[in-house]
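This report walks through one protein chain for a reader who has not seen it before. Please look over the sequence and the model first.

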Amino acid sequence: MTSGTTPGLTRFNTSADSDAVAALHEVCSSSAWGSKILAQRPYATVEALFLASDAAMAELTAGDLAEAMAGHPPIGRPKAGDPTSSREQSGMAGASEELKAEMLELNLAYQDKFGHVFLICATGKTGEEMRDAVRERIEHSPEQEREIVRTELGKINRIRLTRLVEEESAA
């Protein structure tokens, strides 16, 4: 993972606020998170951007977290035409119909209990690993789960920020 300055970081630091806001919204749907990241530009290094992201994530309210989660489709059902969610959920792409049906059932049970989608940093995880995680996490209290979601969102944000600052040219 890059920790210094990249052409993508330079582009992000120098882009118009409206372009940076749009790019940040693709990383995380929380407007509070995006505002905090935007306000601290320019970033000297990618690591400084990551630290700012982590700090902003730690400060999000329950409402801010709900806004961030609203931008994530349920596991096993990536947004149509969205290469990011498809890539992140690729571990479910080859899953059996039985596993996909079980994930749908577990997602619905989780959503009934917590009022939001099951959120996990799915990059690199198999369908079975995601199923096992939802089975375990559905037993948590809402407070425990909110902090796990915060951590998972932070991981997702770092992966997406890495893609943002390592891209050779603007998408």
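Is P142 buried, partly exposed or exposed? The model is predicted, and in it P142 has a relative accessible area of 43%. Buried would need a value under 20% and exposed one over 50%, so P142 is partly exposed.

## Where P142 sits

P142 belongs to helix α10, which covers residues 142-166. In sequence, P142 and G115 are separated by 27 residues. In space, their C-alpha atoms are 9.5 Å apart.

## The chain as a whole

The chain contains 10 helices and zero strands. Written in sequence order, the pattern is α-α-α-α-α-α-α-α-α-α.

Of the 171 residues in the chain, 44% are buried. The accessible surface amounts to about 8,500 Å², and carbon and sulfur atoms account for 54% of that surface. Among contacts between residues at least 6 apart in sequence, 71% link residues at least 24 apart.

## Helices α8 and α9

Two packed helices are described by the angle between their axes and the distance between the axes. Helix α8 spans residues 97-114 and helix α9 spans residues 127-137. Their axes come within 10 Å and cross at roughly 30°. An angle under 35 degrees counts as roughly parallel, and α8 is therefore roughly parallel to α9. The crossing of these two helices, α8 and α9, is left-handed.

Which residues of α8 meet α9? On the α8 side they are L99, E102, M103, L106, Y110 and F114. Their partners in α9 are G127, E128, M130, R131, V134, R135 and R137. By class, the contact of α8 with α9 holds seven nonpolar, one polar and five charged residues.

## Helices α2 and α10

Helix α2, residues 17-27, also packs with α10: the axes of the two come within 9 Å and cross at roughly 140°. Because of that angle, α2 and α10 are oblique to each other. Their crossing, that of α2 and α10, is right-handed.

From α2, the residues A23, L24, E26 and V27 take part in the contact, and from α10 the residues N157, R160, L161 and L164. The contact of α2 with α10 divides into five nonpolar, one polar and two charged residues.

## Two buried loop residues

S30 lies in the loop between α2 and α3. Its relative accessible area is 1%, so S30 is buried. Leaving aside residues up to four places away in sequence, S30 touches L60, D64, E67 and A68.

Where is H116 placed? H116 is in the loop between α8 and α9. With a relative accessibility of 16%, H116 counts as buried, because buried means under 20%. Again without residues up to four places away in sequence, H116 touches M69, Y110, Q111 and V149. Y110 is also one of the α8 residues that meet α9.

## A cis peptide bond

Most peptide bonds are trans. The bond that joins R41 and P42 is cis, with omega at about 0°. P42 lies in the loop between α3, residues 31-39, and α4, residues 46-59.

How values were computed
Residues are numbered from 1 along each chain as its sequence is written. This is a predicted model: local features need pLDDT of at least 70, side-chain atom pairs count only at pLDDT 80 or more; totals for chains, interfaces and linings use all residues. Side-chain values use heavy atoms; hydrogens and water are left out. Helices (H or I, at least four residues) and strands (E, at least two) are DSSP runs, numbered from the N terminus. Buried means under 20% relative accessible area, exposed over 50%, partly exposed in between (1.4 Å probe, protein chains only). Contact means heavy atoms within 4.5 Å. Accessible areas come from the Shrake-Rupley method with a 1.4 Å probe; for residues, only the protein chains shown count as cover. Axes are lines fitted to C-alpha atoms, for helices over the stretch in contact, and angles run from 0 to 180 degrees between N-to-C directions. Angles under 35 degrees count as roughly parallel, over 145 as roughly antiparallel, 65 to 115 as roughly perpendicular and the rest as oblique. A crossing is left-handed if the near helix is turned anticlockwise from the far one by less than a right angle, and right-handed if clockwise. Ala, Val, Leu, Ile, Met, Phe, Trp, Tyr, Cys and Pro count as nonpolar, Asp, Glu, Lys and Arg as charged, and the others, Gly among them, as polar.
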